[in-house]
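Open the model in your viewer and keep the sequence panel beside it. This tour goes stop by stop.

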Amino acid sequence: MSDESKLYKEAMERIDDLVEEVIQTCLDVADENDYERVWVLERFRDKFNKAKRKNAFK
């Protein structure tokens, strides 16, 4: 496996870890505040997409 392939694989694994961390944080917030889990995840997705569009052209 080339160095570039290893780097890509490591990056993808870290992204997977980040996704799991964010989902778990959202679920914790929902549980701690007695919010619906799906509602929190949807609100996070909406806010993330807005932030992504805002920062895409920086």
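A residue counts as exposed when its relative accessible area is over 50%. Keep that cut-off in mind; the model on screen is predicted.

**Stop 1: Tyr-8.** Select Tyr-8, in helix H1. Its relative accessible area is 58%, so Tyr-8 is exposed.

**Stop 2: the nonpolar patch.** Which element gives the most to the patch? It is H1, with 5 residues.

**Stop 3: the largest pocket.** Now select Ile-15, Leu-18, Val-19, Val-22, Ile-23, Cys-26, Leu-41, Phe-44 and Phe-48. They line the largest pocket. Two elements give two or more residues to this lining: helix H1 (3–33) and helix H2 (37–55). H1 gives the most, with 6 residues. The volume of the pocket is about 210 Å³. Colour the lining by residue class: 9 residues are nonpolar, none is polar and none is charged.

**Stop 4: the loop.** Go to Asp-34, in the loop between H1 and H2. Is Asp-34 buried or exposed? Asp-34 has a relative accessible area of 72%, so it is exposed.

Notes. Residues are numbered from 1 along each chain as its sequence is written. This is a predicted model: local features need pLDDT of at least 70, side-chain atom pairs count only at pLDDT 80 or more; totals for chains, interfaces and linings use all residues. Side-chain values use heavy atoms; hydrogens and water are left out. On a 1 Å grid over the protein atoms alone, a cavity is a set of points where a 1.4 Å probe fits but cannot get out, and a pocket is an open set with protein on both sides within 12 Å along at least five of seven lines; lining residues have an atom within 4 Å of a point. Grid points are joined across faces, edges and corners, and a volume is the space filled by probe spheres set on the points. Helices (H or I, at least four residues) and strands (E, at least two) are DSSP runs, numbered from the N terminus. Ala, Val, Leu, Ile, Met, Phe, Trp, Tyr, Cys and Pro count as nonpolar, Asp, Glu, Lys and Arg as charged, and the others, Gly among them, as polar. Buried means under 20% relative accessible area, exposed over 50%, partly exposed in between (1.4 Å probe, protein chains only).
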